[in-house]
Amino acid sequence: MSAHAGLPSVRWSLRGLDDEGNEAWLIRGVSRKLYRCPGCHGDIEIGTEHTIVQYVHRLGGTEHHHWHRRCAEELLIPALRELRRIPAGESSQAKLEKRGRRKSGRRRG
Ligand SMILES: [Zn+2]
């Protein structure tokens, strides 16, 4: 965990795999509207730095949620495996959606 302290940031996103082998990308964001954090069910106020969690499903398709940074650090990140940091430019929503449209199958590291 400490290796990824303070991430995701402006420069670095994180990517890991969940129990089912779906990719979970953690991206720093600033909220433009009110979101509900799935971790604590509390509000994420507008203008708050938070963590966007975008799943790229193993069988195709994407889905994203907005989390408090601390909730993601405490509840989500510990459940991911093979967590690594990725330059933030590689984790734009457009790129991840494209990744989600790719046919399922072998996926390189
Ligand atoms: Zn929360």
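Reader: Where is His41 found?

Author: In this predicted model, His41 is found in the loop between E3 and E4.

Reader: What makes His41 exposed?

Author: The term exposed requires a relative accessible area over 50%. His41 has a relative accessible area of 57%, so His41 counts as exposed.

Reader: What is the phi of His41?

Author: His41 has a positive phi of about 60°, although His41 is not a glycine. Glu82 is another residue other than glycine with a positive value, its phi being near 55°. Glu82 lies in strand E7, residues 81–87.

Reader: How do you know whether Glu23 is buried or exposed?

Author: Buried means under 20% relative accessible area. Glu23, which is found in strand E2, has 2% relative accessibility and therefore counts as buried. The C-alpha atoms of Glu23 and His41 are separated by 23 Å, and these residues are 18 apart along the chain.

Reader: Which residues coordinate the zinc ion?

Author: The zinc ion is coordinated by Cys37 through SG, Cys40 through SG, His68 through ND1 and Cys71 through SG, at 2.1 to 2.3 Å. A donor atom must be within 2.8 Å of the metal, so these atoms qualify at their distances of 2.1 to 2.3 Å. The spacing of the donor residues in sequence is C-x2-C-x27-H-x2-C.

Reader: What makes the arrangement around the zinc ion tetrahedral?

Author: Four donors count as tetrahedral if all angles lie between 85 and 135 degrees. The 4 donor atoms around the zinc ion subtend angles of 97 to 117°, so the arrangement is tetrahedral. As a point of reference, the ideal angle at a metal with four tetrahedral donors is 109.5 degrees.

Reader: Why is it said that Cys40 and His68 tie together parts of the chain?

Author: Cys40 lies in the loop between strand E3 (35–36) and strand E4 (43–44), whereas His68 lies in the loop between strand E6 (62–67) and H1. The pair therefore ties together parts that are 28 residues apart in sequence.

Reader: Which residues does Cys40 contact, leaving aside its neighbours within four places in sequence?

Author: With those neighbours left aside, Cys40 is in contact with His68 and Cys71. The relative accessible area of Cys40 is 40%, a value between 20% and 50%, so Cys40 is partly exposed.

Reader: Which residues of the largest nonpolar core touch the most other members?

Author: They are Leu26, Val53, Trp67 and Leu76, in a core of 15 residues. Strand E2 (23–30), strand E5 (49–56) and helix H1 (69–76) each supply at least two residues of this core. H1 gives the most, with 3 residues. Apart from this core lies another of 6 residues, among them Trp25, Ile27, Val56 and Ile86.

Reader: What does Val53 touch, not counting residues up to four places away in sequence?

Author: On that basis, Val53 touches Trp25, Leu26, Glu63, His64, His65, Trp67 and Leu76. Glu63, whose place is in strand E6, is in contact with Val53, Gln54, Tyr55 and His57, its neighbours within four places in sequence being left aside.

Reader: What makes Glu63 partly exposed?

Author: The relative accessibility of Glu63 is 35%, which lies between the limits of 20% and 50%, so Glu63 counts as partly exposed.

Reader: What is the volume of the largest pocket?

Author: The largest pocket has a volume of about 260 Å³. Of the 14 residues that line this pocket, the closest to its centre are Gly29, Arg32, Ile52, His66 and Gln93. The elements that give two or more residues to the lining are E2, E5 and E6.

Reader: Which residues does a cis peptide bond join?

Author: A cis peptide bond joins Leu7 and Pro8, with omega about 0°. Pro8 is found in the segment before strand E1 (12–17).

Conventions: Residues numbered from 1 in each chain as written. Predicted model: local features only at pLDDT ≥ 70, side-chain atom pairs only at ≥ 80, totals over all residues. Heavy atoms only, no water. Core = buried A, V, L, I, M, F, W, Y, C linked by side-chain atoms within 4.5 Å. Buried < 20%, exposed > 50% of the residue type's maximum accessible area, 1.4 Å probe, protein only. Helix = DSSP H or I, 4+ residues; strand = E, 2+ residues; numbered from the N terminus. Contact = heavy atoms within 4.5 Å. Donors = N, O, S within 2.8 Å, 3.2 Å for Na, K, Ca; no water. Tetrahedral: all angles 85-135°; square planar, octahedral: opposite > 155°, others 65-115°. 1 Å grid on protein atoms, 1.4 Å probe; cavity = no way out; pocket = protein on both sides within 12 Å on 5 of 7 lines; lining within 4 Å. Points joined across faces, edges and corners; volume = space filled by probe spheres on them.
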